[in-house]
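Which charged side chains pair up here, and where do they sit? The report below takes the salt bridges one by one.

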Amino acid sequence: MNLENLENHPNFIADFKKADSKIFEFVIKKYQNKIFNIVLNILKNRTDAEDLTQKVFLKIFEKRMQFNGRSSFYTWIYRIAINESLNEFKKTKKNGVYIEEIIADENGAFQVYEEKLEKDELQKKFDKIFNKLPDKYRIILTLKDFEKMSYNEISETLNISLDKVKVWIFRGRENLRKLIESEGQDLL
């Protein structure tokens, strides 16, 4: 079996459900970074995200028999990661979306310390405002604007209609705009 095309192998799902160690190792290697990034984007704490990413893969293993093929394998995994992240977020209430993680000038060199502090302060203000959005808007904007998912991918991942995705994105952006106008003038 060629590891690169393993997911396209006709027995992939059957072997996955049988807990084949090579298949599960492949799943971890292929999806670990993607899962970590979505978890980190929701929790905003690297240590918590690392721990939860491991828990997500344990959950994937535990729920492997529940995969029914109605969605893509990746969408199914992504949904588990989002659900686990939301559960953890509700427990800890730690969250935020970073405007930029790395600040660089046009030459690619790091900006001076004072500029970074100023940017960090703006980031904190943005995070505080973003966190005031209802969960459904915060999550859907994270998926669309920060994870760069398509409307269809979001629909599959969250198991909601395409129309609902569009409405929630519109309403989420409108709510965010109003919050920024009322509380974050210095972000504009």
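## Arg173 and Asp145

In this predicted model, the side chains of Arg173 and Asp145 form a salt bridge, with an N to O distance of 2.5 Å. Arg173 belongs to helix α8 (residues 162-183) and Asp145 to helix α6 (residues 135-146), so the bridge ties together parts that are 28 residues apart in sequence.

Both partners are partly exposed. Arg173 has a relative accessible area of 35%. Asp145 has 27%.

Arg177 is partly exposed at 36% relative accessible area. Glu181 is partly exposed too, at 38%.

## Lys59 and Glu84

Another salt bridge joins the side chains of Lys59 and Glu84, at 3.8 Å from N to O. Lys59 lies in helix α3 (residues 46-62) and Glu84 in helix α4 (residues 73-92), so this contact ties together parts that are 25 residues apart in sequence.

Are the two partners buried or exposed? Lys59 is partly exposed, at 24% relative accessibility. Glu84 has a relative accessible area of 18% and is buried, because the cut-off for buried is under 20%.

## Overall count

How many salt bridges does the structure hold? The total is seven.

Technical notes: Residues numbered from 1 in each chain as written. Predicted model: local features only at pLDDT ≥ 70, side-chain atom pairs only at ≥ 80, totals over all residues. Heavy atoms only, no water. Salt bridge = Lys/Arg side-chain N within 4 Å of Asp/Glu carboxyl O. Helix = DSSP H or I, 4+ residues; strand = E, 2+ residues; numbered from the N terminus. Buried < 20%, exposed > 50% of the residue type's maximum accessible area, 1.4 Å probe, protein only.
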